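This report goes through a few features of the structure shown below.

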Amino acid sequence: MVIADIAVMPLRPYGSEDEMYKVVDACIELIENSGLKCEIGANSTTVEGELDDVFELGKKVHQLPFELGCERVITIFRVDQKQGGITIDEKLKNHK
């Protein structure tokens, strides 16, 4: 079990912030429908699952903006893994 933060930044084209957030919202919807546990944050979404599933989801999330007409996208994908696994709840146990 691993956890990962995924942050997608569609760079162009978008005429307004609303258009940009439509792409971001579509990425969040893809994550929510993935079947993996997730928590949406202000700057990224955290997902929890098996390593291969998390990496495959990261790839899909990165590619989705191109399918929606973006010409350039930056995706930040940060993975946290430890022997025996780690969960979102375990990582946040001292903060909830």
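## A buried strand

In this predicted model, strand β3 covers residues 45–49, and five of its five residues are buried, so the strand is largely enclosed by the rest of the structure. Buried here means under 20% relative accessible area.

The cover is found on both faces of β3. One side carries Thr45, Val47 and Gly49, and the other carries Thr46 and Glu48; all of these are buried.

## The partners of β3

Strand β3 pairs with β1, to which it is joined by five bridges, and the two run antiparallel. Within this pairing, aspartate 5 has threonine 46 of β3 as its bridge partner. Threonine 46 is also one of the buried residues of β3.

Strand β2 is likewise antiparallel to β3, with four bridges between them. Cysteine 38 stands opposite valine 47 of β3, and Val47 lies on the side of β3 that also holds Thr45 and Gly49. The link from β2 to β3 is a hairpin of four residues.

## The largest pocket

The largest pocket has a volume of about 350 Å³. It is lined by 21 residues, and the closest to its centre are Ala7, Val8, Val24, Ala42 and Asn43.

Two elements, β1 (2–12) and α1 (17–32), each give at least two residues to this lining. The largest share comes from α1, with seven residues. Sorted by class, the lining of the largest pocket holds 16 nonpolar, four polar and one charged residues.

## The second largest pocket

The second largest pocket holds about 280 Å³ of space. Of its 14 lining residues, Ile3, Asp5, Thr46, Arg78 and Leu92 are the closest to the centre.

Which elements give two or more residues to the lining of the second largest pocket? They are β1, β2 (37–40), β4 (72–81) and α3 (88–91). By class, this lining divides into six nonpolar, three polar and five charged residues.

## Summary

Strand β3 is buried in five of five residues and is joined to β1 by five bridges and to β2 by four. The largest pocket takes seven of its lining residues from α1, while the lining of the second largest pocket draws two or more residues from each of β1, β2, β4 and α3.

Note on methods: Residues are numbered from 1 along each chain as its sequence is written. This is a predicted model: local features need pLDDT of at least 70, side-chain atom pairs count only at pLDDT 80 or more; totals for chains, interfaces and linings use all residues. Side-chain values use heavy atoms; hydrogens and water are left out. On a 1 Å grid over the protein atoms alone, a cavity is a set of points where a 1.4 Å probe fits but cannot get out, and a pocket is an open set with protein on both sides within 12 Å along at least five of seven lines; lining residues have an atom within 4 Å of a point. Grid points are joined across faces, edges and corners, and a volume is the space filled by probe spheres set on the points. Ala, Val, Leu, Ile, Met, Phe, Trp, Tyr, Cys and Pro count as nonpolar, Asp, Glu, Lys and Arg as charged, and the others, Gly among them, as polar. Buried means under 20% relative accessible area, exposed over 50%, partly exposed in between (1.4 Å probe, protein chains only). Two strands pair if DSSP finds at least two bridges between them.
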